[in-house]
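Trainee: I would like to learn how to read the features of this model. Please take them one at a time.

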Amino acid sequence: MTALRYIAAHYLIDRGEIVPRPVVAVDAAGCVVEVGQWEELDTMPHTEFYAGVLCAGFVNAHCHTELSYLRGAIARGEGFAAFAREIGRVRGLFSAEQRQQALLAADAAMWQEGVEVVGDVVNDESSFAVKRRSRISYLSFSEVFGLGSTTESARRLTVNPHTSLTPHSTYSVQDAVFREIADEGSQTQRQQPLSIHFMESDAEAALFRGEGSLAAWYAKMGWQCDFLHYGSPARRVVESVPHDRGVLLVHNCCVGRDDVRLIESHFDSVGWVLCPRSNDYISHLQPPVAMLREEGVRICIGTDSLASNDSLSMMAEMRALGHIPLREVARWATINGAEALGVEADKGSVERGKHSGIVLIEGVTMEADGELYLTESSSARRLV
Ligand SMILES: [Zn+2]
């Protein structure tokens with residue numbers, strides 16, 4: 001019989017609900033044994049009390065940990081095409097040792113802040129050694145990227161744990177390859193979703209009309225696309241991916257309401273993953289948070305990579321999304337990401353039997369509307 005830890009605080013936020021005076025019992029393996037409410041603290045001598053808000057461990061729904069060594073290497077605000085070009089240029093400037101050190105530091109920082117699950121895009125083997133030893137659960141998406149690409153090289157990475165194929169985006173993969181990737185998950189028993197970069201810039205939709213910077217770049221390079229007949233990125237996704245395949249659509253800066261409705265009407269499960277600090281870093285664009293809230297869709301949060309962010313902090317992303325009640329934005333950062341990644345049976349909410357992790361959020365304020373909000377000084381750290 002191992003001793004339980006009893007963890008109490010002012011509030012617990014779980015699945016979008018505020019529970020005042022929570023006390024959570026966890027065992028030595030981090031399994032939630034009981035969730036209750038305290039009456040008087042001084043009658044509970046073995047309880048740890050924290051001034052702040054408890055929530056489940058965070059789910060970072062979009063990251064590229066293997067790019068952690070590029071922190072600070074690419075200039076801000078140069079736009080989407082320049083960013084892609086720069087990544088290619090600086091990639092060769094770092095040693096394998098530097099890459100591993102950066103990966104270790106990124107993993108440690110995420111663990112400490114309370115990140116429990118990461119949806120992580122991979123293009124090579126470099127991140128798997130760190131991920132295998134990490135206490136964070138990683139789902140890896142081996143990305144097929146390039147108009148001349150087949151699935152062959154990306155498929156080699158899928159021998160790693162919890163690793164599946166995904167197309168990079170609707171503008172960088174040809175028709176047959178995109179469909180091949182979208183179809184194959186439905187045959188495996190426990191399928192991971194697709195993780196598709198989506199409407200990060202307005203050039204993505206413009207390409208389908210033969211306009212904009214992507215179309216100009218492809219024309220200059222002499223590259224042909226065989227998928228423009230779909231008419232738009234949203235149509236392409238809907239017409240190429242089976243409705244029962246889970247999808248994470250990442251960025252969504254330039255998505256319109258009609259596209260959101262089209263996609264929602266087709267799929268059983270969509271995660272609309274927002275990475276606001278990366279968007280600001282690359283292009284000063286922002287995702288349409290208000291519209292997505294109005295549509296009532298499943299919003300998730302990701303940090304993207306350190307190539308386009310100063311840190312992999314979920315707290316910083318939550319704050320960057322604007323003045324939104326904490327119970328709502330914390331839901332996006334926890335259970336919504338867990339559901340979109342298909343790990344909600346064990347992660348994303350503080351419930352009996354789950355190994356959700358427990359995070360303490362400090363520096364929160366209650367405003368006149370009775371809602372809790374993050375402030376400039378809010379911070380998060382892992383308790384369990
Ligand atoms: Zn990304």
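**Reading the model**

Mentor: Helices (H or I, at least four residues) and strands (E, at least two) are DSSP runs, numbered from the N terminus. Residues are numbered from 1 along each chain as its sequence is written. The model is predicted: local features need pLDDT of at least 70, side-chain atom pairs count only at pLDDT 80 or more, and totals for chains, interfaces and linings use all residues.

Trainee: Which residues of α10 are buried?

Mentor: A residue is buried if 20 or more other C-beta atoms lie within 10 Å of its own, exposed if 12 or fewer, and partly exposed in between, with C-beta atoms placed from the backbone. In α10 the buried residues are Pro276, Arg277, Ser278, Asn279, Tyr281, Ile282 and Ser283. That is seven of the eight residues of the helix (276–283), so α10 is largely enclosed by the rest of the structure.

Trainee: What covers the buried residues of α10?

Mentor: Contact here requires that the C-beta atoms of two residues, placed from the backbone, lie within 7 Å. The cover includes α1 (80–90), β11, β12 and α12 (314–320).

Trainee: In what order do the four strands of the open sheet run?

Mentor: Two strands pair if DSSP finds at least two bridges between them. The order is β10-β11-β12-β13, with parallel pairing. β10 (194–198) and β13 (299–301) are the edge strands, each with a single partner, so one side of each has no neighbour in the sheet. Neighbouring strands are turned by 30° against each other on average, direction ignored. Axes are lines fitted to C-alpha atoms, for helices over the stretch in contact, and angles run from 0 to 180 degrees between N-to-C directions.

Trainee: How many bridges join β10 and β11?

Mentor: Five bridges join β10 to β11 (residues 247–251), in the parallel sense. Within this pair, Ser195 stands opposite Leu248 in β11. Helix α13 (residues 326–341) packs on the sheet, where it touches β11, β12 (270–274) and β13, and its direction makes about 105° with that of β13.

Trainee: Where is Glu339, and what does Glu339 contact?

Mentor: Glu339 lies in helix α13. It is partly exposed, with 19 other C-beta atoms within 10 Å. Leaving aside neighbours within four places in sequence, Glu339 is in contact with Arg298, Glu344 and Gly348. Glu339 and Gly246 are 93 residues apart in sequence and 9.7 Å apart in space, C-alpha to C-alpha.

Trainee: At what angle do the axes of α8 and α9 cross?

Mentor: Two packed helices are described by the angle between their axes and the distance between the axes. For α8 (residues 233–240) and α9 (residues 257–266), the axes come within 9 Å and cross at roughly 5°. The two helices are therefore roughly parallel to each other; angles under 35 degrees count as roughly parallel, over 145 as roughly antiparallel, 65 to 115 as roughly perpendicular and the rest as oblique. Ala234, Val237 and Val238 in α8 meet Asp259, Leu262, Ile263 and His266 in α9.

Trainee: Is β6 mostly covered or uncovered?

Mentor: β6 (residues 58–63) is mostly covered, since six of its six residues are buried. Its pairing with β7 (residues 115–122) is parallel, over four bridges, and Phe58 stands opposite Val115 in β7.
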